[in-house]
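Dear colleague,

I am handing over the structure we talked about, and below it you will find my notes on what turned up. Please read them with the coordinates open beside you.

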Amino acid sequence: MKNPLTKNRFLMSVLLLFSLSTVLTACGSADDSNHTATADAKNNGKEKVEIVWMMATDPDKKAWQEAMVSTFEESHPNVKVRLENIPYDQFDQKLATLIASGNAPDVWNPNQADSGFATYMKMGALKDLTPYIDKGAPELKTMDPNLLNIYKIDGKYYGVPLVSNATYLYYNKDLFDAAGIPYPTTDWDDKSWNFDTMLETAKKLSHDVGDARKQVFGFSSALSANEMTWLFGGDMFKPEAYTTGVMGQPDLMKPLNIEALQFNVDLIHKYKVAPDAETVAASAQLGDPFLTGKVGMYISGGWGLGSYKKADFKWGVAAVPYHEGRKVPLYVDPWSISATSKHPDEAWEFVRHLANPAEGGGAYRYMNDVGRTPADSGLFKLWYDKMGGEIGMDAAAFKQVHEGSIQNGREAENHLIVKFNTVLETMNQSLYQVWGGKESVTDGLKSLNEKLLSLNLNQ
């Protein structure tokens with residue numbers, strides 16, 4: 001299938017060459033013009049090409065992105081990489097529009113926002129990378145096969161893992177110290193660190209709730225409503241939703257789901273140790289809630305290890321409280337290539353560059369410069385030492401937290417269910433009254449069930 005962008009680029013090239021030839025005719029001979037045009041078009045016998053790398057806007061990644069572009073262009077002088085940064089909340093819509101119009105970027109991370117890998121796989125937007133991987137790529141020799149196989153569908157690879165973010169309980173050491181409370185455990189098998197214990201700890205950390213200037217909340221969470229149920233052994237969807245990518249008939253009314261959501265509602269309204277929806281929305285305008293220094297414990301993904309470096313307080317990571325059947329989300333993000341890329345070979349070379357775990361390579365620098373969890377097992381010893389030192393934790397304790405999360409984890413919902421951005425938006429809108437204490441959990445779930453079915457995503 002031809003890319004409609006070809007015509008547009010052709011017209012632009014004609015106009016550019018016409019303008020260039022006009023200037024050169026005035027300044028020099030036709031021979032000089034031809035020589036210059038030839039030199040610009042060729043480099044070391046290879047045609048000069050451009051590939052587009054699309055990323056969600058993130059200040060934490062800006063320097064790393066620029067370094068990746070410059071170092072790749074230095075080693076591949078025939079390739080220009082055009083980096084396009086799109087705001088996170090516009091990423092899915094922008095990417096879907098580009099794919100539909102035949103103008104998809106050459107390289108991107110399908111899990112960059114809320115739609116996820118399954119959505120783009122269903123669209124047929126991802127290129128089969130198996131021929132490239134089968135030829136051999138030194139950069140993938142120490143990649144954990146289990147991670148690489150996450151994006152292996154029907155025997156074919158459609159992504160190369162970049163990170164393997166887990167989920168942790170972040171805690172504010174300064175608030176714990178001020179309250180004279182021991183730090184939460186790093187041992188995921190410690191059953192005494194359960195949600196009841198967490199609640200008692202949150203009560204001791206909370207104070208001045210209601211006073212916007214002084215209030216401190218003992219607990220908050222970045223998890224979706226569905227992921228909250230995972231912590232209690234529940235799930236809003238059936239197992240096949242995650243293997244087929246089709247949402248199917250929701251499974252909302254399970255007792256464990258109701259227990260999990262009711263516990264979180266009670267944290268807000270009964271115990272007043274967690275912020276309500278309005279407070280969360282207000283703090284989100286200023287950045288991550290945990291970075292305000294007004295939250296004692298916060299459940300979120302591994303990206304916080306990099307983002308919280310700028311915090312003006314000491315913090316650490318611990319195990320998510322125990323509950324029978326507890327699972328936490330894992331976020332294994334891949335690099336993929338567009339199925340319609342006009343320069344797939346060059347795009348693959350760039351993916352190899354991004355995945356390189358050698359010192360100075362893309363994966364190595366992503367771990368060091370951005371602070372994200374590597375997917376390459378050869379980097380883990382360095383990463384444990386690095387993060388442990390930065391957080392002020394023993395490397396072995398940090399390793400215990402991370403490995404415990406992996407052992408108790410499952411791949412994120414938006415990576416596996418098609419059009420999960422639409423599902424998530426519906427979930428948030430339907431449960432808003434529940435979080436506000438204006439509707440019961442059961443009534444909210446019944447309303448959510450109707451709205452999810454009305455989306456007609458069961459195909």
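Predicted model: local features only at pLDDT ≥ 70, side-chain atom pairs only at ≥ 80, totals over all residues.

Gly-124 sits in the loop between helix H5 (117-122) and helix H6 (130-135), and its C-alpha is 9.6 Å from that of Ile-99, at a separation of 25 residues in sequence.

Turning to Glu-411, this residue belongs to strand S14 (residues 409-411) and is buried without a salt bridge, the nearest side chain of opposite charge being that of Arg-410, 9.2 Å away. The side chain of Glu-411 does make a polar contact with the side chain of His-415 at 2.5 Å, and one of its polar atoms lies 3.1 Å from the backbone nitrogen of Val-332. Arg-410, for its part, lies over the face of Trp-230, at 3.8 Å from the ring centre, and also over the face of Tyr-242, at 4.6 Å.

As for the aromatic residues, the whole structure holds 32 aromatic pairs. One of these is formed by Trp-53 and Trp-64, edge-to-face with 5.7 Å between centres and 75 degrees between planes; Trp-53 lies in strand S3 (residues 49-56) and Trp-64 in helix H3 (residues 62-75), so the pair ties together parts that are eleven residues apart in sequence. Both Trp-53 and Trp-64 are buried. The rings of Phe-237 and Phe-420 are also edge-to-face, because their planes stand at 75 degrees, with centres 6.3 Å apart.

Methods: Residues numbered from 1 in each chain as written. Heavy atoms only, no water. Helix = DSSP H or I, 4+ residues; strand = E, 2+ residues; numbered from the N terminus. Buried < 20%, exposed > 50% of the residue type's maximum accessible area, 1.4 Å probe, protein only. Lys, Arg positive; Asp, Glu negative; His and termini not counted. Salt bridge = Lys/Arg side-chain N within 4 Å of Asp/Glu carboxyl O. Polar contact = N/O pair within 3.5 Å; in protein donor to acceptor, adjacent residues only side chain to side chain. Phe/Tyr/Trp six-rings, centres within 6.5 Å; stacked < 30°, edge-to-face > 60°. Lys NZ or Arg CZ within 6 Å of the ring centre and 35° of its normal.
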